[in-house]
Amino acid sequence: MSANSASVSWAVRLSDQAATEHLAQLIAGETRAGDLITLSGDLGAGKTTFARAFVRAFAQDPELEVPSPTFTLMQTYEAERGTVVHADLYRISDPEELDYMGWDEAIDNAAVLVEWPDKAGDYLSENRLDIHLRLVPGFDGERVAVLTGSGTRAARLTELKTVRTVLDRAGWGNAQRKPIYGDASSRLYERLTRPDGETAILMFSPPRPKVATYRSEKPYHVVARLSDSVNAFVAVDRGLRALGFSAPVIYGHDLEAGLLLVEDLGTDGFVDASGPIPERYAEAVRVLAKLHASNVPDVLPVAEGIEHEIPPYDAEALMVEVGLLLEWYLPHRAGRFVPNAGRDAFSQIWTGLLNHVTFPQLTSSQHASPQPTWALRDFHSPNLIWLKDRNGLARVGLIDFQDAVMSHPAYDLASLLQDARVTVSPELELKLLALYAQERHARDPAFDVKELTRAYAIMGAQRATKLLGLFVRLDKRDGKPAYLAHLPRIGEYLRRNLAHPDLSELRGWFEVHLPQLAMAEVERHF
């Protein structure tokens with residue numbers, strides 16, 4: 001290995017044989033095809049124990065026979081996850097003997113564990129994980145494993161060390177980890193299960209990719225006020241829990257690494273085979289009514305000496321979002337071109353509409369001005385969990401709010417009642433909208449229902465316009481075509497919002513440039 005190769009090391013104390021086996025299982029769990037792992041160490045330090053546990057864990061077969069390859073030099077195992085090669089090079093005297101063994105063919109696209117790696121000379125890749133087991137003098141049975149990640153394995157070892165540190169400190173070090181389906185973001189999730197059956201969620205939120213927009217050289221997530229660290233999740237989580245809402249308890253975290261270990265609220269949702277469950281949606285509406293009637297700060301504590309400022313959902317953010325329709329939906333889905341005059345009109349119309357729902361413009365409106373509140377941003381069925389064993393509003397579990405902004409109350413209401421993932425009928429939507437107005441009016445007799453309905457239509461149209469572009473972008477840029485199935489529903493929601501008299505000019509724009517948007521999507525989808 002060259003002296004210039006980047007590397008990182010991690011020393012792990014192993015108190016007994018079980019700890020050695022656990023480390024092997026841990027390494028096997030994150031090993032994938034093409035990985036190279038070397039194993040060396042003191043005589044009696046546990047190399048055989050480690051190798052056997054590693055192969056069994058990779059093959060997911062705890063009873064698998066794993067003989068020593070001292071005489072065969074290589075043992076190959078076929079498993080559901082792929083091929084694993086266990087090699088012991090003690091008996092070779094020249095690295096070139098590997099050629100006669102068919103080394104390159106044997107390790108091609110396999111996970112490889114090599115004992116006596118020094119015998120291989122330069123045949124081993126610089127991108128590898130080296131594990132050296134040492135006995136601890138004076139401590140009977142105790143060992144230390146020194147793990148060194150080189151080349152591309154350095155970053156992975158750093159991530160593994162960070163995860164283990166968070167889990168061990170929180171008391172979840174012995175939990176089994178299983179990846180679970182994520183969302184439209186770059187966040188990754190795992191469900192952890194302890195031996196006693198208790199579960200938790202591990203969330204890893206890497207930095208967002210920097211993608212420029214048609215309106216600005218700043219990255220999209222900056223303009224759209226999307227969070228770029230887990231600090232936002234931690235801050236809003238604690239703020240919601242302080243108000244009595246059911247956000248997950250945070251068991252552990254590494255803020256710098258973007259790692260959170262949080263309470264698993266379960267999988268009982270707000271939708272069944274027939275669609276939205278009205279009673280649960282109604283309870284979610286009551287959660288919004290309570291939140292929107294509360295005085296909430298725009299700065300929240302994260303940790304000692306760290307605060308998170310909740311950004312405003314201002315005209316710049318809202319405008320760059322509706323611009324996704326022009327960037328992605330029009331050319332890639334509708335196959336239409338809008339000339340500069342049409343684009344200018346689009347911008348002017350939206351600027352006028354957004355003046356009614358953004359701050360500080362909103363406070364100078366002729367209508368009674370609602371105070372800005374926390375918009376959790378994706379307040380809809382995929383991010384709501386039904387907690388049947390809790391009472392009242394606490395039955396509504398909240399799991400996605402790291403992109404929260406200070407916004408008009410109507411945004412989250414439109415997000416829920418025009419759920420992007422499941423069709424909310426016009427009848428149920430109107431019933432729930434009336435429930436929200438009733439709940440707000442009960443808390444504040446001066447609550448302006450007329451202002452709400454206009455803001456609801458504007459915010460609903462804004463969200464629908466954004467999602468039409470966003471879902472096409474998820475398909476074309478991110479390789480997630482499943483979101484296209486939601487376009488007909490989004491188109492129908494847009495038509496509902498455009499029926500409001502105050503959106504007549506925007507409706508005219510769509511009639512010219514995207515006529516019969518919803519109907520066209522229904523025909524394409526079915």
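Contact here means heavy atoms within 4.5 Å. By that criterion, among contacts in the protein chain between residues at least 6 apart in sequence, 69% join residues at least 24 apart. The model is predicted.

**The chain as a whole**

The protein chain contains 16 helices and 20 strands. Its C-alpha trace spans about 85 × 50 × 45 Å along the principal axes. Of its 526 residues, 53% count as buried. The chain carries 55 positive and 71 negative charges, whose mean positions are 5 Å apart.

H1 has 14 residues, and its first and last C-alpha atoms are 21 Å apart, close to the 20 Å expected at 1.5 Å a residue. At the start of H1, a side-chain oxygen of Asp16 comes to within 3.2 Å of the backbone nitrogen of Ala18. The buried residues in H1 are Ala19, Thr20, Leu23, Ala24, Leu26, Ile27 and Ala28.

H2 covers residues 47-59; its 13 residues should span 18 Å at 1.5 Å a residue, and the end C-alpha atoms are 18 Å apart, so the two values agree. Buried in H2 are Lys47, Thr49, Phe50, Ala51, Ala53, Phe54, Val55, Phe58 and Ala59. After H2 comes Gln60, with a positive phi near 55°.

**Thr83 in strand E4**

Thr83 is placed in strand E4. Its relative accessible area is 18%; Thr83 is therefore buried, as the cut-off for that class is under 20%. Leaving aside residues up to four places away in sequence, Thr83 touches Phe58, Thr76, Tyr77, Glu78, Ala110 and Ala111. Phe58 is also one of the buried residues of H2. With Glu78 there is a polar contact between the two side chains, at 2.7 Å from Thr83.

**Two loop residues with positive phi**

Asn109 is not a glycine, yet its phi is positive, about 60°. Arg225, also a residue other than glycine, has a positive phi near 65°. Asn109 is found in the loop between helix H4 (103-107) and E5, and Arg225 in the loop between helix H6 (220-223) and helix H7 (231-242). Asn109 counts as exposed because its relative accessibility is 58%, and the class begins over 50%. Arg225, at 15% relative accessibility, counts as buried.

**Ala437 in helix H12**

Ala437 lies in helix H12, which comprises residues 426-443. With a relative accessible area of 11%, Ala437 is buried. Apart from residues up to four places away in sequence, Ala437 touches Phe447, Val449 and Leu452. Asp448 is eleven residues from Ala437 along the chain, and the C-alpha atoms of the two are separated by 8.6 Å.

**Accessibility of the residues discussed**

| Residue | Relative accessibility | Class |
|---|---|---|
| Thr83 | 18% | buried |
| Asn109 | 58% | exposed |
| Arg225 | 15% | buried |
| Ala437 | 11% | buried |

Notes
Residues are numbered from 1 along each chain as its sequence is written. This is a predicted model: local features need pLDDT of at least 70, side-chain atom pairs count only at pLDDT 80 or more; totals for chains, interfaces and linings use all residues. Side-chain values use heavy atoms; hydrogens and water are left out. Helices (H or I, at least four residues) and strands (E, at least two) are DSSP runs, numbered from the N terminus. The expected span of a helix is 1.5 Å times one less than its number of residues. Buried means under 20% relative accessible area, exposed over 50%, partly exposed in between (1.4 Å probe, protein chains only). A polar contact is a pair of N or O atoms within 3.5 Å; within protein, one must be able to donate a hydrogen and the other to accept it, and residues adjacent in sequence count only if both atoms are side-chain atoms. Lys and Arg count as positive and Asp and Glu as negative; His and the chain ends are not counted. The place of a charge is taken as NZ of Lys, CZ of Arg, CG of Asp or CD of Glu.
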